[in-house]
Amino acid sequence: MFYRRLIIGLLFCLICCSSCNEFGRILKSTDNDVKYEVAMDYYDRMDYNHALELFDLLQNSFRNTPKGELITYRTAMCYYLTYDYEIAAYFFNKFVTNYPYSKDAEKAAYMNAYCSYLISPKINLDQQNTLTAISHLESYISRYPQGDSVARANELLVDLNNKLEEKDYNICLLYYRMENYNAAITCFENLLKKYPNTSHREEILSDMAKTYYDYAENSVPEKQKERYEACVERYNTLSYLYPDSPYLKEVEPAVIKARKKLENL
């Protein structure tokens with residue numbers, strides 16, 4: 001048994017060494033057509049790392065040719081299939097720029113946007129990549145309004161915009177928790193303007209009522225009346241739009257106090 005395993009191990013090493021030597025000879029070859037064929041074979045066999053090494057060497061040699069077109073597209077796909085979405089997006093964008101009339105231009109434009117979507121960060125991080133992804137998705141939809149992936153692109157746009165909305169909402173709550181009531185109110189107001197169809201409208205009206213009450217409580221006397229009134233006003237709007245809202249009971253104690261304060265002012 002031991003000798004059998006040893007023989008198998010030696011054979012495996014010989015095959016690996018042979019393969020490595022063969023690949024090394026191809027890398028050193030001056031015949032770019034041979035390199036191209038081998039690179040395509042590696043790609044078809046899903047050996048993306050070896051394919052990428054050869055594609056990298058061939059980029060300049062076949063630029064602006066049918067072979068160069070396929071090299072650029074498959075380079076992007078290699079990075080996508082090995083989960084390197086940032087570089088994949090770069091090469092898909094490069095493909096669209098260099099080969100705008102290719103039959104694969106639409107697919108590449110979508111894949112550029114999709115890879116940008118995949119690297120969109122978590123809500124608590126900077127959202128510049130999210131904004132970039134939104135821009136690429138909107139560009140794809142605008143350029144290919146009847147495209148095969150338009151429906152999916154719109155779904156991704158909704159998801160990314162929801163992420164931005166959620167981040168903005170969390171910032172409003174952060175201002176409130178920091179007792180920066182003026183900034184919180186401004187943030188809530190801007191949020192409603194920016195996202196008129198926000199799914200958080202019910203919560204925001206409740207949050208604003210509570211914020212205005214606390215703001216009034218911490219204000220100079222001459223500013224308290226208008227802020228207590230704003231508290232009651234937001235509560236009334238919440239009650240009118242969402243008569244069964246669970247947030248009504250949550251904010252009621254502050255509103256009752258605000259009304260009593262107004263009677264005494």
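The buried residues of α11 are Q224, R227, Y228, A230, C231, V232, R234, Y235 and L238. This is a predicted model. The cover over these buried residues includes α9 (181-194), α10 (201-217) and α12 (247-264). Helix α11 itself covers residues 221-241. It has 21 residues. From its first C-alpha to its last it reaches 31 Å, close to the 30 Å expected at 1.5 Å a residue.

Now the chain around it. The protein chain has 12 helices and 0 strands. Its radius of gyration is 30 Å, whereas the globule rule gives 18 Å for 265 residues, so the chain is more spread out than a compact globule. The C-alpha trace spans about 95 × 55 × 35 Å along its principal axes. Buried residues account for 42% of the 265 residues. Take the contacts between residues at least 6 apart in sequence: 54% of them join residues at least 24 apart. The accessible surface comes to about 15,900 Å², and 52% of it belongs to carbon and sulfur atoms.

Next, the core. The largest nonpolar core has 79 residues. F55, F92, Y140 and F188 have the most contacts inside it. Take F55. Beyond residues up to four places away in sequence, F55 touches A39, M40, Y43, I71, R74, T75 and C78.

F92 also turns up among the contacts of Y73. Y73 is found in helix α4 (residues 66-81). Its relative accessibility is 11%, and the limit for buried is under 20%, so Y73 counts as buried. Leaving aside neighbours within four places in sequence, Y73 is in contact with F92, F95, D104, K107 and A108. Y195 lies 122 residues from Y73 along the chain, and their C-alpha atoms are separated by 38 Å.

The structure holds 17 aromatic pairs. In one of them, the rings of Y114 and Y117 have their centres 6.1 Å apart. Their planes are at 15°, so this pair is stacked. Y114 and Y117 are 3 residues apart in helix α6 (residues 105-118), which means that about one helical turn separates them. An α-helix has 3.6 residues a turn, so residues three or four places apart point the same way. Both Y114 and Y117 are buried.

Y140 and Y144 form a tilted aromatic pair. The centres are 5.6 Å apart, with 40° between the planes. Y140 is buried, with a relative accessible area of 2%. Y144 is buried as well, with a relative accessible area of 16%.

N129 gives a view of helix α7 (residues 128-143), where it is found. Its relative accessible area is 37%, so N129 is partly exposed. Apart from neighbours within four places in sequence, N129 is in contact with S116, I119, S120 and P121. E86 is 43 residues from N129 along the chain, yet their C-alpha atoms are separated by 10.0 Å.

Two loop residues deserve a look at the backbone. M46 has a positive phi of about 65°, although it is not a glycine. M46 sits in the loop between α2 (32-44) and α3 (48-58). Its relative accessible area is 60%, so M46 is exposed. E179 also has a positive phi of about 65°, and it is not a glycine. E179 sits in the loop between α8 (150-177) and α9. At 55% relative accessibility, E179 counts as exposed.

Conventions
Residues are numbered from 1 along each chain as its sequence is written. This is a predicted model: local features need pLDDT of at least 70, side-chain atom pairs count only at pLDDT 80 or more; totals for chains, interfaces and linings use all residues. Side-chain values use heavy atoms; hydrogens and water are left out. Helices (H or I, at least four residues) and strands (E, at least two) are DSSP runs, numbered from the N terminus. Buried means under 20% relative accessible area, exposed over 50%, partly exposed in between (1.4 Å probe, protein chains only). Contact means heavy atoms within 4.5 Å. The expected span of a helix is 1.5 Å times one less than its number of residues. A nonpolar core is a set of buried Ala, Val, Leu, Ile, Met, Phe, Trp, Tyr and Cys residues joined through side-chain atoms within 4.5 Å. The radius of gyration is taken over C-alpha atoms; the globule rule is 2.2 Å times the number of residues to the power 0.38. Accessible areas come from the Shrake-Rupley method with a 1.4 Å probe; for residues, only the protein chains shown count as cover. Rings of Phe, Tyr and Trp (its six-membered ring) pair if their centres lie within 6.5 Å; planes under 30 degrees apart count as stacked, over 60 as edge-to-face and the rest as tilted.
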